[in-house]
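Trainee: I have a chain open here and would like to talk it through. Could we start with what you mean by a contact?

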Amino acid sequence: MNFAPVVDINNNPSNPVIGFRSFGEDKRDVARKGLVYMKGLHHEGIFAVAKHFPGHGNTDADSHLTLPVIRQTAEQIDSTNFFPSGS
């Protein structure tokens, strides 16, 4: 089992954690690259666990130090972070 890939969308430049760990700022790129990564792990017999929680890429707090707050509407979270089901 590998706790990867990170499928957070890097959509907040003030985020102190995600940065280069993300596959990007575009939900379609993140979804496509995350899926390819997971398929590669599965091909080698490794169980993939996508992380983190929806909206984690759009927080300005380090979740290792405090509880981040996501300041988005339910519609914004659904259309971005639950992609492709939210699109």
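Mentor: By a contact I mean heavy atoms within 4.5 Å. This is a predicted model, in which local features need pLDDT of at least 70 and side-chain atom pairs count only at pLDDT 80 or more, while totals for chains, interfaces and linings use all residues. Residues are numbered from 1 along each chain as its sequence is written, and side-chain values use heavy atoms, with hydrogens and water left out.

Trainee: Fine. Which residues is Asp62 in contact with, leaving aside its neighbours within four places in sequence?

Mentor: With those neighbours left aside, Asp62 is in contact with Pro16 and Val17. Asp62 itself lies in the loop between α1 and α2, where helices (H or I, at least four residues) and strands (E, at least two) are DSSP runs numbered from the N terminus.

Trainee: And is Asp62 buried, exposed or partly exposed?

Mentor: Asp62 counts as partly exposed, because its relative accessibility is 22%; buried means under 20% relative accessible area, exposed over 50%, and partly exposed in between, with a 1.4 Å probe and protein chains only. Accessible areas come from the Shrake-Rupley method with a 1.4 Å probe, and for residues only the protein chains shown count as cover.

Trainee: How far is Asp62 from Asn81 in space?

Mentor: Their C-alpha atoms are 18 Å apart, for a separation of 19 residues in sequence.

Trainee: Let me turn to Val17, then. Where is Val17 placed, and what does Val17 touch beyond its neighbours within four places in sequence?

Mentor: Val17 sits in the segment before α1, and beyond those neighbours Val17 is in contact with His56, Ala61, Asp62, Ser63 and His64. Val17 counts as buried, because its relative accessibility is 12%. From Val17 to Thr66, which is 49 residues away along the chain, the C-alpha separation is 12 Å.

Trainee: What about Asn10, is that buried or exposed?

Mentor: Asn10 is buried, because its relative accessible area is 17%. Asn10 also belongs to the segment before α1, and, leaving aside its neighbours within four places in sequence, Asn10 is in contact with Ile18, Gly19, Ser22, Gly24, Glu25 and Gly57.

Trainee: Now something on the exposed side. What can you say of Glu44?

Mentor: Glu44 is exposed, with a relative accessible area of 57%, and lies in the loop between α1 and α2.

Trainee: How many helices and strands does the chain come to?

Mentor: The chain has two helices and zero strands. Its radius of gyration is 13 Å, close to the 12 Å that the globule rule gives for 87 residues, so the chain is as compact as a globular protein of that length; the radius is taken over C-alpha atoms, and the rule is 2.2 Å times the number of residues to the power 0.38.

Trainee: What share of the residues counts as buried?

Mentor: Of the 87 residues, 32% count as buried. The accessible surface comes to about 5,600 Å², with 58% of that belonging to carbon and sulfur atoms.

Trainee: Last topic, the largest pocket: how much space lies in there, and what lines it?

Mentor: The largest pocket holds about 310 Å³ of space, and 20 residues line the pocket, with Val7, Val30, Ala31, Asn81 and Phe83 nearest its centre. The elements giving two or more residues to that lining are α1 (27-43) and α2 (74-81), and α1 provides the largest share, six residues.

Trainee: And how do you define a pocket and its volume?

Mentor: On a 1 Å grid over the protein atoms alone, a cavity is a set of points where a 1.4 Å probe fits but cannot get out, whereas a pocket is an open set with protein on both sides within 12 Å along at least five of seven lines, and lining residues have an atom within 4 Å of a point. Grid points are joined across faces, edges and corners, and the volume is the space filled by probe spheres set on the points.
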